[in-house]
Amino acid sequence: MNDNTSSLRLQPIELEPCAKRRKRDDEIQQHGLLWFEDGNVILITEDRVGFKLHKSVLSLHSDLFKDMFILPQPVESAEMDGCFVVHLQDASSGMATLLKLFYNHNSSYSGAVSFSLIQDVCHLSHKYQVERWRVDVLMRLSHCYPQDLASQRHPHIANTPLTLPIHFQYWTLDSMNVVNMAIHYEMKAILPSAVYAASQASMTELVQGVSDGRWDMDDLELCLKAKEMLAFATEELFHQLCRASLPECKGVPESSSSLLVQSCTHVLAKSWPYFHADKSGTPFFVAHHIWFYRIRKMVCSKCRPNYDNVFRQQQGVAWKRLEDLCTI
Ligand SMILES: [Zn+2]
């Protein structure tokens, strides 16, 4: 023990067996799995959990740790068990998730994982410059938030929600966090899709998201603009569809038992409540499911191709506006 130890926040504890240690302010709880006796660095999280690890392993995965260990350690560096001590401002639960990945304890991170786990890995892999897991997070998010309109029209989540690489607790609310992550961590490619999903939340939920800490005022402003734009796009889509019937329209029966025929324009004019109620929160882009699974079947076969063209054209216009909004 050298003279410097008296001024350290952490005292060496190598002379005291772990089980017999008294409770002290500077005491830590050793992590059950990530405490290696041959480790040469101890990470201590804000909730006082200690991880005894290997500098070589941390350096292999994290550029931040690599740079930290290359630098000569200051003379007054804290030590514990003869190891260099690093104090972290992160919680042990998130750090344990990331550190397990470093040591190939991947079982809890293979297949589909919870969104909260993705948040931890996203935040920490950026903070500690862990390229491999940064890429993994982006891949998983890109799978859930398609980057172009063509994929939006056939989102994976639509048909196979169980095969998504992330389990969302509540799609729209989690998407508010994704908007924040996409902006904060430069994942701009998924931003339009995430903004679209988040903007399906209610106004109350969107505003509440600021006090919940899901996002900040800039994120809120972006999604409110998107919500306004999308509401306008839905109206515009409806009005364009109302004008899309062809002169050769053969009309459709009023009901299966009726001989009365009504024009497609008449059918469309009555369908506004469906468009207006398009607040399902699904990631289908601008009334996609309303059109293809409900109203499209109600128009005549002569007019249908033109309706499809108008529908896709208006979707394209709305998607472009959303992309422009997200160019920040
Ligand atoms: Zn028709």
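**Reading the calls on this chain**

User: Why does glutamine 129 count as partly exposed?

Analyst: Glutamine 129 has 14 C-beta neighbours inside 10 Å. A residue is buried at 20 or more and exposed at 12 or fewer, so a count in between is called partly exposed. Glutamine 129 therefore counts as partly exposed. Please keep in mind that this is a predicted model.

User: Where is glutamine 129 placed, and what stands out about its phi?

Analyst: Glutamine 129 lies in the loop between α4 (115-127) and α5 (131-144). Its phi is positive, about 55°, although the residue is not a glycine.

User: What about glutamate 186: is it buried or exposed, and how do you know?

Analyst: Glutamate 186 has 11 other C-beta atoms within 10 Å. The cut-off for exposed is 12 or fewer, so glutamate 186 is exposed. Glutamate 186 sits in the loop between α8 (171-184) and α9 (191-198), and this non-glycine residue has a positive phi of about 55°.

User: Now to the helices. How do you know what span to expect for α11?

Analyst: The expected span is 1.5 Å times one less than the number of residues. Helix α11 (residues 217-242) has 26 residues, and the expected value is 38 Å. From first C-alpha to last, α11 reaches 38 Å, close to that expectation.

User: Which residues of α11 are buried?

Analyst: The buried residues are Asp219, Leu220, Leu222, Cys223, Ala226, Leu230, Ala233, Leu237, Phe238 and Leu241. Across the chain of 328 residues, 33% are buried.

User: What makes α11 and α15 parallel or antiparallel to each other?

Analyst: Helix α15 (residues 304-325) packs with α11 at an angle of about 165°. Angles over 145 degrees count as roughly antiparallel, and α11 and α15 are therefore roughly antiparallel to each other. Their axes are 10 Å apart, and the crossing is right-handed.

User: Which residues meet where α11 and α15 pack?

Analyst: From α11, the residues include Leu222, Ala226, Met229, Leu230, Ala233, Leu237 and Leu241, along with Lys225, Glu236 and Gln240. They meet α15 residues, among them Tyr307, Val310, Phe311, Ala318, Leu322 and Leu325. By class, this contact has 13 nonpolar, two polar and three charged residues.

User: How many helices and strands does the chain have, and what share of its contacts joins residues at least 24 apart?

Analyst: The chain has 15 helices and nine strands. Taking contacts between residues at least 6 apart in sequence, 62% join residues at least 24 apart.

Note on methods:
Residues are numbered from 1 along each chain as its sequence is written. This is a predicted model: local features need pLDDT of at least 70, side-chain atom pairs count only at pLDDT 80 or more; totals for chains, interfaces and linings use all residues. Helices (H or I, at least four residues) and strands (E, at least two) are DSSP runs, numbered from the N terminus. Two residues are in contact if their C-beta atoms, placed from the backbone, lie within 7 Å. Axes are lines fitted to C-alpha atoms, for helices over the stretch in contact, and angles run from 0 to 180 degrees between N-to-C directions. Angles under 35 degrees count as roughly parallel, over 145 as roughly antiparallel, 65 to 115 as roughly perpendicular and the rest as oblique. A crossing is left-handed if the near helix is turned anticlockwise from the far one by less than a right angle, and right-handed if clockwise. Ala, Val, Leu, Ile, Met, Phe, Trp, Tyr, Cys and Pro count as nonpolar, Asp, Glu, Lys and Arg as charged, and the others, Gly among them, as polar.
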